Amino acid sequence: MTGDTRSMAPLRPAPFEALRTAVGGGGLRTLALLLPAIVLALGFLYYPLVFIVQMSFTEGSSYLSPTGPITTTANYSLIASRYLPNLLITLELAVLATIVDLIFGFPFAYIFVRKIRYRTTVRALMVFPMFGALYIAFGMRFILLPGGPATPLLQALGIQSTDALFSLPSVVFAMSIFTFPFMVLNIGTALGNVDPTLEEAAACLGARPWQTFRRILVPLTRAGTVAGALTVFGWSIGTFAEPLLLGSANEQRALAWTVYQRGVVQTDYGLSTAMGVVLLGVAFVVTYLSLRYSRGALVE
Amino acid sequence: MTTPSEAFGVPARRPLITARRLTDVLSHAYIWAILIVFVLPFLALVGFSFTARPGEAGAVTNYGYVLETFGDNLLWSLKIAGLTLVINVLVSLPAGYAIVRHTFPGKRFLFSALTLPLYVPGAVIGISLVLTYNFTYHLTTSMWGLVLAMSLGTFPLMLTPIVVALKDLPVIFEEASACLGATRWQTYRRIVLPLIGPGVSAGLLLCFIIVFNEYLVTLFVHPPGLTTAPLRVFNQIRTAGLAPTTAALAVTMQLISLAAVLLFFRLFGARHLKGTYLL
């Protein structure tokens, strides 16, 4: 007994009704909380996207001409004919980068999940690609420069420096470094959910490592692997700095750079927005597929 | 004379190199080989940044040159990143709270619609924004156009960790707080916010790293006279070729970003970045 009467004062009663509104919230309040995000997304993503879709059906910069826009589908037929190589090289680079990441990423993710104790160190070093493709491309360009650090190695392999610098393999290499963490993240998450005893059981039953990999690990991590591959592909189709700094004239035709050239430099808005729409379409298909494959959606 | 191990029937020592040990060594070697490849472009730039410019004596002067000539660009980068982070917090905190705690129809759809900017290629965001800024919003000369573009591209990276943190936070704390007579705002400020702090910080870190190093959307929408540091790197390579001073700027940018990451790991540990882009 303390004799302190203040602590004996009755608490304000809190009926369940009041409690629910205090935590749950009503329609208008919910809307108010969501409004800034919705305005940002509508005003700066969805409206601009609708805008470029409209513009992609007009000729050149006629969208702004005082006589009214000239409606045409010529931009799209141009992409299907004259600019088809641009689209194809974009897809080719993305596919190759995805394959490289897949081949090197699966063992990496496996070792990372099963064997590594010093994960924080690995994570800290893995952030370097996250700083951006620009620095990777810049660094690789310096490495591959004739007379640069890689010259003795290339000579030993019998490759001309100039052939190595502006070439498809160096672009793909830089792209796969940039996207590697996404692949490892997805496969690693899937592998983390596979019970290690399953591998031990397979080994006990006489399966060789290759058989365990082929018949236990691959089927059980399929969702994560597919999601990883699609994520990497989705990021790779927007590649910009790597083809520009490391590619030959062929790789430099990649769509993202052409969009900039045609749109901002040459002000051919119709064609450049049409290319943007094509790029967007590919990205959306890939994203839709990857979301279908990745399990455990955040909001249920 | 028998050794103790033989006396107790323990078999002789196993051979030093077993198949298992060999696989282990190879596994670690593989991880480190890949990590070295990751760091290689950075190390190459560090080496390059310490080579002397033609007509200059000291190599360290490259970094002095960075502060002198590119100081403006670095300041712009920090300023744009800072403003973007403020907007991202103001947009994502309420939205994340409503998405997790409130019930309303179409919640999944809304969350997907809000995270979609992450999946749109940068060049598409760039061309669509530069055209709408020019012809509809008339936002071409203000830095806010760039800030809002950065915000649009990165606020989902902030929203996701906040949603994860809120889902992990049992609702009882808020109910208890409400029972004890706290107002909604008091509960939010003194209970919810401190408890989801690490999640918010994870979002801050991710957004900072992305915005601080962004050059692609910036190339499209930057107002005349405003060049951020990564865009300056891009322009320098395009126009002036490879120069040690440009490498020094790129190294400076990456070191600042790395410092931010390491600081976060030190303060909060890596686990709060789960489900986001840094594992």
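The following conversation concerns a predicted model and the contacts between its chains.

Biologist: How are residues and chains labelled here, and which pLDDT limits apply?
Modeller: Residues are numbered from 1 along each chain as its sequence is written, and chains are lettered from A and ligands numbered from 1 in the order in which they are written. In this predicted model, local features need pLDDT of at least 70 and side-chain atom pairs count only at pLDDT 80 or more, while totals for chains, interfaces and linings use all residues.

Biologist: How many residues of chain A are in contact with chain B?
Modeller: 75 residues of chain A are in contact with 82 residues of chain B; contact means that C-beta atoms, placed from the backbone, lie within 7 Å.

Biologist: Which element gives the largest share on the chain A side?
Modeller: H2(A) does, with 15 residues. Helices are DSSP runs (H or I, at least four residues), numbered from the N terminus.

Biologist: What about H6(A): buried or exposed?
Modeller: In H6(A), 12 of its 12 residues are buried, that is, 20 or more other C-beta atoms, placed from the backbone, lie within 10 Å of a residue's own. Among them are A:Tyr135, A:Arg141 and A:Phe142.

Biologist: What do they pack against?
Modeller: The buried residues of H6(A) pack against H8, H9 and H13 of chain A, together with H2, H12 and H13 of chain B.

Biologist: Changing topic, which domains does chain B have?
Modeller: The assignment gives domain 1 (16–49) and domain 2 (62–273); such bounds come from an automatic or database domain assignment. Their centres, taken over C-alpha atoms, are separated by 32 Å. The contact takes five residues from domain 1 of chain B and seven residues from domain 2 of chain B.

How values were computed. Contact = placed C-beta atoms within 7 Å. Helix = DSSP H or I, 4+ residues; strand = E, 2+ residues; numbered from the N terminus.
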